[in-house]
Amino acid sequence: MAEFADLVLLAGQLILENGGETFRVEETMVRMAVAAGAQTADVFAVPQGIFCTINDGVQTQTRIARIHHRGFNLTKVLEVNRISRQLSAEILTVEAAYAELQTVERLPRRYPTGIRLLAGAIGSAAFSYLLGAHLGSVLAAGITGLLVMIVMEFLQKREILNFVALAMAGATTALANLVIRQFWPTTQFDLAVIGSIMVLAPGLAITTSVRDALFEDLISASIRGVEAFGVALAIASGVGSILTLYLWIGGTLP
Amino acid sequence: MLIELIVAFIAALAFAVVFNVPVRYLLPGALAGTIGWLIFRSLGGANTAIFLASVGIGLLAEGGARIFRVPVVIIAVPGIIPLVPGAGAYSTMLALVKGDFIGALTKGTETLFAAGAIAVGIALATVPLRLVWKGGKRHVRKTAHARITPTDSLKF
């Protein structure tokens with residue numbers, strides 16, 4: 001029955017790696033274990049790892065998984081959710097569920113990279129419009145938003161540390177917007193910058209942090225809260241360093 | 001106002017795509033974002049408005065999650081994106097760059113409260129639905145001590 005614990009662990013790992021809340025990881029794992037026929041199941045999850053002990057009546061199995069990289073792929077969370085429900089409803093057998101989880105693990109991103117980049121650009125433009133930007137600044141935000149997405153995509157592929165990558169993306173957008181402002185002095189520099197960095201904003205980290213705190217997973221809540229704060233700080237330091245340099249060489253800011 | 005709502009819809013939709021939300025569930029998130037923006041704008045746009053808009057988004061997300069049987073974050077995350085205090089964070093940073101620490105403190109506190117309003121709003125929204133709608137097996141205990149008896153283990 002080695003597969004048993006592996007199945008449960010893989011499910012938890014997939015949810016945690018792709019932006020699910022901690023209570024969802026623990027609940028899904030226990031539910032799947034019970035559905036697969038476990039006698040007892042204990043799970044402890046924090047954003048950096050999962051510990052679980054499962055007793056199948058004959059022997060106790062303990063597994064630990066270290067989570068190194070976390071991203072946002074809500075499709076995978078949804079798929080694991082579905083598999084867990086189907087396992088509980090006895091539509092899937094343990095073997096079938098394990099096979100399905102492995103296909104989910106290999107699943108590529110939901111949308112091709114080009115569409116994600118475009119969505120990032122459109123999102124940036126729309127956000128700057130909501131802040132009250134003119135049409136020209138909306139366009140600038142869209143273009144620099146696309147640039148930010150490309151830079152992040154490139155740096156993530158090279159496995160640069162996340163906070164460093166965020167700072168570099170922030171610096172890129174500040175630089176690009178300064179260049180745009182040189183050619184069109186009427187663009188609202190600040191609104192364009194804000195719009196373009198919104199794709200990096202820790203919206204998911206804030207939401208999951210709050211929901212973790214609500215379900216009394218306080219370790220996870222504080223880790224994600226610190227993460228959200230760190231992301232904001234990293235972006236700000238990237239943008240800020242470029243602006244400081246700009247002021248230092250004699251530029252003026254609104 | 002109508003244009004703004006359409007733009008809010010587009011913004012939430014675009015961010016949902018960035019977060020890899022499946023095509024079938026793009027619409028609920030985008031609608032939550034639009035309704036959140038409607039509440040936010042019609043209440044004037046202060047931190048109180050952010051709070052109430054987040055409560056609205058949270059309620060929609062909780063309800064939608066139960067109807068479509070999906071995780072709450074799939075609807076809540078695109079929904080809150082238009083409310084995230086990006087402008088406040090930027091002006092805090094700008095004040096720091098310029099060495100205006102009093103200004104940074106003012107703006108920073110404002111931004112922090114705006115983020116807190118979103119957080120508390122989303123959290124508060126889970127309460128009423130949980131009171132009304134227990135949803136059967138939703139409250140599975142995290143440690144499932146099922147059917148374990150001494151004779152059971154002796155059998156093997």
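User: Which way does H2(A) pass H3(A), left-handed or right-handed?

Analyst: H2(A) passes H3(A) in a left-handed crossing. Keep in mind that this is a predicted model.

User: How close do the axes of H2(A) and H3(A) come, and at what angle do they cross?

Analyst: The axes of H2(A) and H3(A), the latter being residues 74–88, come within 9 Å. They cross at roughly 30 degrees. Angles under 35 degrees count as roughly parallel, and H2(A) and H3(A) are therefore roughly parallel to each other.

User: Which residues make the contact?

Analyst: On the H2(A) side they are Thr28(A), Arg31(A), Met32(A) and Ala35(A). H3(A) contributes Val80(A), Ser84(A), Leu87(A) and Ser88(A).

User: And by class?

Analyst: The contact of H2(A) with H3(A) has 4 nonpolar, 3 polar and 1 charged residues.

User: Switching to the sheet. What is the strand order in chain A?

Analyst: The order is S1-S2-S3, in an open sheet of 3 strands with antiparallel pairing.

User: Which strands stand at the edges?

Analyst: S1 (40–46) and S3 (60–66) of chain A do. Each has a single partner strand, so one side of each is left without a neighbour in the sheet. From one strand to the next, the twist averages 5 degrees.

User: How many bridges between S1(A) and S2(A)?

Analyst: S1(A) and S2(A) pair over 7 bridges in the antiparallel sense. The two strands form a hairpin, with 2 residues between them. As one example from the pairing, Thr40(A) has Asn55(A) in S2(A) as its bridge partner.

User: And how many for S2(A) with S3(A)?

Analyst: S2(A), residues 49–55, pairs with S3(A) over 7 bridges, also in the antiparallel sense. Phe51(A) stands opposite Ile64(A) in S3(A).

User: Back to S1(A). Where do its side chains point?

Analyst: They alternate along S1(A). Ala41(A), Val43(A) and Ala45(A) point to one face and are buried.

User: Zooming out: how many helices and strands in chain A?

Analyst: Chain A has 10 helices and 3 strands.

User: What does the chain span, and what part of it is buried?

Analyst: The C-alpha trace of chain A spans about 75 × 30 × 30 Å along its principal axes. Of the 254 residues of chain A, 54% count as buried. Among contacts in chain A between residues at least 6 apart in sequence, 66% join residues at least 24 apart.

User: Last topic, chain B. How many of its residues are in contact with chain A?

Analyst: 47 residues of chain B are in contact with 58 residues of chain A. On the chain B side, the elements that give two or more residues are H1 (2–18), H4 (73–80), H5 (86–97) and H6 (101–132) of chain B.

User: Which one gives the largest share?

Analyst: H1(B) does, with 9 residues.

User: What is that side made of, by class?

Analyst: The side of chain B that touches chain A has 38 nonpolar, 5 polar and 4 charged residues.

Note on methods:
Residues numbered from 1 in each chain as written. Chains lettered and ligands numbered in written order. Predicted model: local features only at pLDDT ≥ 70, side-chain atom pairs only at ≥ 80, totals over all residues. Pairing = 2+ DSSP bridges. Helix = DSSP H or I, 4+ residues; strand = E, 2+ residues; numbered from the N terminus. Axes fitted to C-alpha atoms, helices over the stretch in contact; angles between N-to-C directions. Contact = placed C-beta atoms within 7 Å. Nonpolar A, V, L, I, M, F, W, Y, C, P; charged D, E, K, R; others polar. Parallel < 35°, antiparallel > 145°, perpendicular 65-115°, else oblique. Left-handed = near helix turned anticlockwise from the far one by under 90°. Buried ≥ 20, exposed ≤ 12 C-beta atoms within 10 Å, placed from the backbone.
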